Amino acid sequence: MEANAGDPPMLSDLLDLLNSQDLGDRLRAVNLARQLPGEETLTLLHQAVTDENARVRYAAISQMGTVSGVDPAPILPILRQALEKDPEFDVRAAAAAALGDLKQPQALTDLLAAYQREQEWLVQFSIVAALGELGNPGAFDTLVQALQGDSELISTAAAAALGDLGDPRAIPFLDPFIDSDDWQLRYRICIALGRLGTEAARPGLTRLAQDPQEQVAVHARNALGSLFGSL
């Protein structure tokens with residue numbers, strides 16, 4: 001029986017779409033999977049991650065870290081496989097982001113290994129952001145390495161991730177970037193120093209409170225007031 005407009009989709013109908021020769025049908029099936037119960041969503045995504053088309057695989061992998069009400073254990077090997085083996089870099093980047101979304105500590109080893117072997121900056125960026133999401137202190141050295149790399153975008157992600165990690169050892173590595181020409185990097189440094197929040201962060205925040213970019217200066221002044229009671 002054909003479903004009425006507005007009715008929630010049925011898994012069987014979406015699986016039929018996923019088996020279509022039409023790419024648009026398969027992408028629609030993955031997008032509609034969000035409306036299914038968690039276990040059914042996972043059933044469909046598990047099939048979609050093997051699709052021959054990278055856009056379908058990307059759409060499926062991107063959802064896997066946010067499926068609600070399911071055991072993350074069977075999701076981890078799928079994401080690990082995609083991060084290591086998928087030929088398309090954007091799919092690998094989506095797998096890294098999904099591993100961060102899952103926040104499973106056992107993903108740390110996979111993310112660290114992937115960062116060392118990856119050449120694509122987008123995948124490296126996603127890995128760095130995911131390491132911040134995990135909040136595992138074992139990521140510290142890799143995040144410092146990323147902070148000091150050649151890409152300002154990856155440095156910006158690493159600064160944010162070090163703030164998320166909450167390890168005050170990061171402060172002397174963050175301080176040199178207070179003078180960066182990139183205000184967005186300075187802003188992330190400011191946020192990270194505010195989150196780390198020890199006395200060692202005060203000199204950097206005091207300098208950033210005079211930053212020519214108003215957004216940076218205001219955040220630094222607010223952090224100083226919140227942490228130390230004054231400028």
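Q: Which residues touch the most other members of the largest nonpolar core?
A: The general idea first: in soluble globular proteins, nonpolar side chains tend to be buried together. Here the largest nonpolar core has 83 residues, and I61, L111, L174 and I189 touch the most other members. A nonpolar core is a set of buried Ala, Val, Leu, Ile, Met, Phe, Trp, Tyr and Cys residues joined through side-chain atoms within 4.5 Å. Buried means under 20% relative accessible area, exposed over 50%, and partly exposed in between, with a 1.4 Å probe and protein chains only.

Q: What sort of model am I looking at, and how is it numbered?
A: This is a predicted model, where local features need pLDDT of at least 70, side-chain atom pairs count only at pLDDT 80 or more, and totals for chains, interfaces and linings use all residues. Residues are numbered from 1 along each chain as its sequence is written, and side-chain values use heavy atoms, with hydrogens and water left out.

Q: What is L174 in contact with, leaving aside neighbours within four places in sequence?
A: Contact means heavy atoms within 4.5 Å. On that basis L174 has L147, A159, L162, I189, A192, L193 and L196 as partners.

Q: Is L76 buried or exposed?
A: L76 counts as buried, because its relative accessibility is 3%. L76 sits in helix α5, residues 75-85; helices here are DSSP runs of H or I, at least four residues, numbered from the N terminus. Beyond residues up to four places away in sequence, L76 touches L99, L102, Q104, Q106 and A107.

Q: What is the volume of the largest pocket?
A: Rolling a probe the size of a water molecule over the atoms shows where empty space is left. The largest pocket comes out at about 230 Å³. Of its 14 lining residues, F125, A129, E133, A157 and A160 are the closest to the centre. A pocket is an open set of points on a 1 Å grid over the protein atoms alone, where a 1.4 Å probe fits, with protein on both sides within 12 Å along at least five of seven lines; lining residues have an atom within 4 Å of a point. Grid points are joined across faces, edges and corners, and the volume is the space filled by probe spheres set on them.

Q: Which element gives the largest share of that lining?
A: That's α10, with six residues. By type, the lining divides into eight nonpolar, two polar and four charged residues. Ala, Val, Leu, Ile, Met, Phe, Trp, Tyr, Cys and Pro count as nonpolar, Asp, Glu, Lys and Arg as charged, and the others, Gly among them, as polar.

Q: How many aromatic pairs does a search of the whole structure find?
A: Three. One of them is W121 with F125, edge-to-face at 6.3 Å centre to centre and 75 degrees between the planes. Rings of Phe, Tyr and Trp (its six-membered ring) pair if their centres lie within 6.5 Å; planes under 30 degrees apart are stacked, over 60 edge-to-face, and the rest tilted. W121 and F125 are both in helix α8, four residues apart, about one turn of the helix. W121 is partly exposed at 43%.

Q: Why is the F140 and F173 pair edge-to-face?
A: Because the planes of F140 and F173 are at 70 degrees, with ring centres 6.1 Å apart. F140 lies in α9 and F173 in α11, so the pair ties together parts that are 33 residues apart in sequence. F140 is buried at 4%, while F173 is partly exposed at 30%.

How values were computed: Helix = DSSP H or I, 4+ residues; strand = E, 2+ residues; numbered from the N terminus.
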